[in-house]
Amino acid sequence: DLRTGGPGLALARAALGRGISVVLANKGPVVLAFRELHETAARTGARLKYSATVCGGLPVLNIGRRDMIAGEIRRLRGVFNATTNFILDQMATGVSYGDALAEAQRRGIAEADPSLDVEGWDTANKLLIIANSLLGADIALADIAVTGIAGVTQESLAAEAARGNVIRLVASAEAGRYAVAPLALPAADFLAQCRGWEMAVEMHTDIYGISYHKLWEREPTPTAASMLRDAVHIFAPGTL
């Protein structure tokens, strides 16, 4: 629930307020109350971990916090939503948007209400969490320009393919600007090669160069494993 945070936010507030550490896979609480939850955790001595909120098993937040330490991420791009990936790939083969969405729902990839995915808000949620966690930002959803894939047609996909391009729903952060939008990318581009159930992130840094990370995740196990990883880090804090 991106208006109230639902029971997830209420539970996180209650637990952290009592000094109980929290592991989240639910994006709502950290999207709506990022600073508040961190300040509460600092005040009570609880710990807050939420790596599973960003691309499931892909350790985007851990890479940025641990492996980029002492560096600065100056530019970030990513494909964070496998549902839109699947739909765009299907449409590129001639399947209509409606049929591709219905097939995604039949396979359990898309929700009965797919608006968060296809309108770009799931990707925007992940971008917000990354920006506030890794880029030193303090932004809300209103600070992200969001365009979904509803305006992408079979004709536009075919036209870009004829030019050697692939359309992907891309999240980007650079120089204080944050956006989610379908972009035509050269077929050789790293993000253009993110297909089907894959998610990916590309980080441009000052001292670590450019790093590329990709995950294939079709089942819930990697996300569950990420929650377990966060619990391990809470009980063995020296690991991260």
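Modeller: First, a term we will need: two strands pair if DSSP finds at least two bridges between them. Also, this is a predicted model.

Biologist: With that term in hand, how many residues lie between strand 5 and strand 6 in their hairpin?

Modeller: Strand 5 covers residues 165–174 and runs antiparallel to strand 6. The two are joined by 10 bridges. In the turn, Ala 175 has a positive phi of about 55 degrees. The number of residues between the strands of this hairpin is two.

Biologist: Now Trp 216. Is Trp 216 buried, partly exposed or exposed?

Modeller: Trp 216 lies in strand 8, residues 210–216. Its relative accessible area is 46%. Buried needs under 20% and exposed needs over 50%. The value for Trp 216 falls in between, so this residue is partly exposed.

Biologist: Which residues does Trp 216 touch, leaving out those up to four places away in sequence?

Modeller: Start with Met 199, which is 17 residues from Trp 216 in sequence. In space, their C-alpha atoms are 6.6 Å apart. With contact set at heavy atoms within 4.5 Å, Trp 216 touches Trp 197 and Glu 198.

Biologist: Let us step back to the whole chain. Why is the chain as compact as a globular protein of that length?

Modeller: The chain has 10 helices and eight strands. For 240 residues, the globule rule gives 18 Å. The chain is as compact as a globular protein of that length because its radius of gyration is close to that value, at 18 Å.

Biologist: What share of the contacts with a separation of 6 or more joins residues 24 or more positions apart?

Modeller: The C-alpha trace spans about 55 × 40 × 30 Å along its principal axes. Buried residues make up 48% of the 240. Of the contacts with a separation of 6 or more, the share between residues 24 or more positions apart is 67%.

Biologist: And how far apart are the mean positions of the positive and negative charges?

Modeller: The chain carries 23 positive and 25 negative charges. Their mean positions are apart by 5 Å.

How values were computed
Residues numbered from 1 in each chain as written. Predicted model: local features only at pLDDT ≥ 70, side-chain atom pairs only at ≥ 80, totals over all residues. Heavy atoms only, no water. Helix = DSSP H or I, 4+ residues; strand = E, 2+ residues; numbered from the N terminus. Rg over C-alpha atoms; globule rule 2.2 N^0.38 Å. Buried < 20%, exposed > 50% of the residue type's maximum accessible area, 1.4 Å probe, protein only. Lys, Arg positive; Asp, Glu negative; His and termini not counted. Charge placed at Lys NZ, Arg CZ, Asp CG, Glu CD.
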